[in-house]
Amino acid sequence: RSSASRPLQRSARTHCRPCPAEDTMVRGHAKEKAQEANAKKMAAMKKSGSQMEARKEGLKIVCPACKAPMTNYKCLQQHYDSKHPKETCPPEDAVGK
């Protein structure tokens, strides 16, 4: 029973990590997919527009005391009650829309 008579046993797996060439091929494909998805996302965002424009359209009333923007007169009344309790809220027609 000498060790010379037995063939050397090798494992079926010769290395633990994939070769760098195999890794870059897979990653390149994933990169292309990610770029395509990002391009679609950016196009959708560009089409929808900015929220700043919608915000300017919604905030039409400005508090005369502190210049804080409000959406409607009811919000202005609540704002006056909490932030300017000693002052009286101006009438609705006096506050510009």
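How much accessible surface does the protein have, and what share of it belongs to carbon and sulfur atoms? The accessible surface comes to about 9200 Å², of which 54% belongs to carbon and sulfur atoms, with areas taken from the Shrake-Rupley method with a 1.4 Å probe. The model is predicted, so that local features need pLDDT of at least 70 and side-chain atom pairs count only at pLDDT 80 or more, while totals for chains, interfaces and linings use all residues. Residues are numbered from 1 along each chain as its sequence is written, and side-chain values use heavy atoms, with hydrogens and water left out.

The protein has three helices and two strands, which follow the pattern α-α-β-β-α along the sequence; helices (H or I, at least four residues) and strands (E, at least two) are DSSP runs, numbered from the N terminus. Of the 97 residues, 10% are buried, where buried means under 20% relative accessible area and exposed over 50% (1.4 Å probe, protein chains only).

Helix α3, residues 73-83, has Y73, L76, H79 and Y80 as its buried residues. Seen down the axis of α3, these fall within an arc of 110° and so line one face of the helix, the arc being that of the directions from the helix axis to the C-beta atoms. The buried residues of α3 pack against β1 (61-62) and β2 (69-70), whereas K74, D81 and S82 are exposed on the other side of α3.

The loop between β1 and β2 contains K67, whose phi is near 65°, a positive value in a residue other than glycine. K67 counts as exposed, at 59% relative accessibility.

Terms used: Contact = heavy atoms within 4.5 Å.
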